[in-house]
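Student: I have the coordinates open and would like to go through some surface and packing features. Can we take them one at a time?

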Amino acid sequence: MNATKIEHFDLSYSDKPPVLVSATSDAAMARAVRTIEAAGCRIGGTMPLASARERIERQISATAVWLELDRDCGREMDDVLDCVGSNAADGRFAAVVSSSAELIDPVSARVGSAAVELIFDADDADRAAALAIATAHAQLGQRFSDVASDQSAARLRQLSDEVSRIAATLARLSSGPAAAAPAIRPAPPADAPEVSADTVRSIIRARRLRARYFSEELFADPAWDMLLDLLQAEIAQLRVPVSSLCIAAAVPATTALRWLKAMVSNGLFVRRADPHDGRRVFVELAPDTSRALRRYFSEVGNIAVI
């Protein structure tokens, strides 16, 4: 494993929120530091991944922990992710894990807590937004300079509104008592109407065809795209890993992961560990969500749904 050079930052007292940073390379460390300082926080400490778990466990307090991963470090990376996820879930600190899209599955498999913000191939605005969201989620009461006035804050408010709208709509569609947990291979609820696999497949294809004639941004609707993809997989009795579902969402991976987190938190999707691969997680429709979708398609009949 390549050693990571640790730069010496000014760790003198400041009233700015402190953030611990761990990274897998010098370049990754530098990028994380730039984001954190631009957000109005101070660097509470930097460390290579090899010593991150020990440092985090003995840290008295920190506003947040930021992990910057630009390569797969295997078991060492898994251990640190487990540590960060469990501590963030316990409310010790906020956390952000930034990585490349190639690591979506191994990172998502270790971090399922809503207290951790996951970003993949993110731009500067999304990186700053992730730190703001993580800190707000932890309810630490810290405020970043001008965060309410910049573009990131506006994007956060818009995302929050959209998540609430989708969750409320699907909650209204759902009805009846909760069904038992599905088997490893997703199966539809026993009392749900049948839906043709060809119908769902045709709708997904029609939605993708729009990109030939118009910008994809005009029709971005990741929640609906993920719902359709999981319904198609359920009908075919196929399992869908996190990375595949992010692709189906037809939006940047970071945006897809935020939507996925919201859908899981609202009980619309279910995360299920792969029993054969500890570094992969599958996503399924919750029984009530499957039932609602099938009833919806049964009611609209042959009307074109895109």
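Student: Which residues make the nonpolar surface patch of about 480 Å²?

Tutor: Bear in mind that this is a predicted model. The nonpolar patch of about 480 Å² is made by Tyr213, Phe214, Leu218 and Phe219.

Student: Is Tyr213 buried or exposed?

Tutor: Tyr213 is found in the loop between α7 (197-209) and α8 (222-236). The cut-off for exposed is over 50% relative accessible area. Tyr213 has a relative accessible area of 63%, so the residue is exposed.

Student: How are α8 and α10 oriented to each other: roughly parallel or roughly perpendicular?

Tutor: Helix α10 covers residues 253-265, and its axis lies 10 Å from that of α8. The two helices pack at an angle of about 70°. Angles of 65 to 115 degrees count as roughly perpendicular. The pair α8 and α10 is therefore roughly perpendicular.

Student: Which residue forms a salt bridge with Asp126?

Tutor: The closest N and O atoms of the pair are 3.9 Å apart, and the cut-off is within 4 Å. The bridge links distant parts of the chain, from Asp126 in helix α5 (residues 124-137) to a partner in helix α10, 132 residues apart. Both side chains belong to buried residues. The partner of Asp126 is Arg258.

Student: What is the N to O distance in the salt bridge of Asp225 and Arg207?

Tutor: This pair links helix α8, which holds Asp225, to helix α7, which holds Arg207, 18 residues apart. Asp225 and Arg207 are both buried. Their side chains meet with an N to O distance of 2.6 Å.

Student: Asp82 also has a salt bridge; which residues are linked with Asp82 in a network?

Tutor: Asp82 meets Arg75 in a salt bridge at 3.8 Å, N to O. At 25% relative accessibility, Asp82 counts as partly exposed. Along with Asp82, the network of salt bridges links Arg75, Asp79 and Arg110.

Student: How many salt bridges does the structure hold?

Tutor: The pairs discussed include Asp126 with Arg258 and Asp225 with Arg207. Across the structure, the number of salt bridges is 17.

Definitions and conventions:
Residues numbered from 1 in each chain as written. Predicted model: local features only at pLDDT ≥ 70, side-chain atom pairs only at ≥ 80, totals over all residues. Heavy atoms only, no water. Patch = residues over 30% accessible without salt bridge, like charges linked within 9 Å, V, L, I, M, F, W, Y side chains within 5 Å. Areas by Shrake-Rupley, 256 points an atom, 1.4 Å probe, with all protein chains shown as cover. Helix = DSSP H or I, 4+ residues; strand = E, 2+ residues; numbered from the N terminus. Buried < 20%, exposed > 50% of the residue type's maximum accessible area, 1.4 Å probe, protein only. Axes fitted to C-alpha atoms, helices over the stretch in contact; angles between N-to-C directions. Parallel < 35°, antiparallel > 145°, perpendicular 65-115°, else oblique.
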